[in-house]
Each structure stands twice: as C-alpha cells, then as structure tokens.
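Take a look at this model. Some questions and answers on its labels follow.

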Amino acid sequence: MRFINLVAVVVTATALLASCQDSQNPGTISTTTPNGRTVTITAVNDHSVKVTNCTAADTTVTTQATPGIIQPFNGKIQKTTSATTMTLPSGLEIRLDNTTGAVSFVANGTELLADNAIRTSNGNLSTIALATDSCSSF
C-alpha cells in the first residue's frame with residue numbers, strides 16, 4: 001500500500017510541475033525562495049498532494065492530469081523556522097524547506113523521496129531532480 005501511495009504522490013508531483021498554511025486553502029503550504037520561485041504543496045486527498053514549483057514568469061497549465069481537490073483537508077500542518085511539515089491522515093509527511101523550497105516525502109521516519117527544488121530550463125522544458133534511497137521505488 002505504501003508503494004501505491006508513493007506512486008500517486010510522484011505522479012501528482014511530476015505531472016505539474018513566507019511559508020505558511022494558506023487560510024483560503026487550509027490544505028496548502030507554500031514558500032518563496034530567494035531567487036523568486038514559489039513552491040506550493042496542496043493536499044489532494046488523504047494520500048496524495050500536488051506540488052507546484054514556478055517562477056513569477058511561469059504559467060501554470062491545468063490539464064486532465066491535474067488533480068482536483070476531492071475532500072476537505074483532514075491533516076496537520078506544523079511550522080518551524082526552517083521547514084513546514086504537512087502530515088496527511090495516511091501518515092505521509094511532506095516537508096517543505098522554508099528557504100530553499102526543497103520538498104521531502106517521509107513515511108515512518110524514512111525519507112522516501114526528495115526534490116532538491118533546483119530547476120533548470122532548456123527551452124520549454126524544465127528539469128527536476130528527484131532522489132530516493134537505494135531500496136525505494138517510484
């Protein structure tokens with residue numbers, strides 16, 4: 001089951017491509033990096049999130065692959081000076097570094113997937129770097 005949840009998070013996160021909980025969208029956390037990128041994490045349901053990482057000049061395109069919010073947010077959000085953590089009811093933790101915009105997906109104290117928040121552009125394509133430990137799958 002953990003594998004399926006992680007796959008949903010990865011597919012959701014890769015299909016889209018001051019830190020606080022958004023009062024208008026209670027299942028949303030975000031930060032703006034020193035270089036002007038805004039990283040926003042939105043809970044889609046109890047098991048998955050949508051991660052958007054854009055510059056002010058980027059345009060977010062909604063497609064059929066873009067998930068809609070299908071239920072109210074039932075998780076928890078905890079903010080420290082260095083990071084904001086969203087914990088979904090399924091137990092999956094999503095950690096957002098308040099300075100760099102790096103995102104980590106953590107379950108049972110183990111980092112399953114990490115996004116270093118670095119984006120490089122080549123024409124219309126952006127490249128992201130995802131990392132996992134040697135025995136994780138996604």
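Q: What makes the listed residues contacts of V103?
A: A contact means heavy atoms within 4.5 Å. Leaving out residues up to four places away in sequence, V103 touches V39, I41, V51, I94, R95, L96, L113, A114 and D115. This is a predicted model: local features need pLDDT of at least 70, side-chain atom pairs count only at pLDDT 80 or more, and totals for chains, interfaces and linings use all residues. Residues are numbered from 1 along each chain as its sequence is written, and side-chain values use heavy atoms, with hydrogens and water left out.

Q: Which residues touch the most other members of the largest nonpolar core?
A: A nonpolar core is a set of buried Ala, Val, Leu, Ile, Met, Phe, Trp, Tyr and Cys residues joined through side-chain atoms within 4.5 Å. The largest one has 16 residues, and I41, V49, I94, V103 and F105 touch the most other members. At least two residues of this core come from each of β3 (38–43), β4 (49–54), β7 (93–97), β8 (103–107) and β9. Strands are DSSP runs (E, at least two residues), numbered from the N terminus.

Q: Why is T84 called buried?
A: Buried means under 20% relative accessible area, exposed over 50%, partly exposed in between (1.4 Å probe, protein chains only). T84 has 1% relative accessibility, so T84 counts as buried. T84 lies in strand β6 (residues 83–87).

Q: What makes the T84 and N98 side chains a polar contact?
A: The term needs a pair of N or O atoms within 3.5 Å; within protein, one must be able to donate a hydrogen and the other to accept it, and residues adjacent in sequence count only if both atoms are side-chain atoms. The T84–N98 distance is 3.0 Å.

Q: Why is the pair E93 and R95 called a salt bridge?
A: The label asks for a side-chain nitrogen of Lys or Arg within 4 Å of a carboxyl oxygen of Asp or Glu. In E93 and R95 the closest N and O atoms are 2.9 Å apart. The structure holds one salt bridge. E93 is partly exposed at 24%, and R95 is partly exposed at 37%.

Q: How do you know that β9 and β12 pair?
A: Two strands pair if DSSP finds at least two bridges between them. Two bridges join β9 (residues 110–115) to β12, and the strands run antiparallel. A114 has A131 in β12 as its bridge partner.

Q: What makes N108 exposed?
A: Its relative accessible area is 74%. N108 sits in the loop between β8 and β9.

Technical notes: Helix = DSSP H or I, 4+ residues; strand = E, 2+ residues; numbered from the N terminus.
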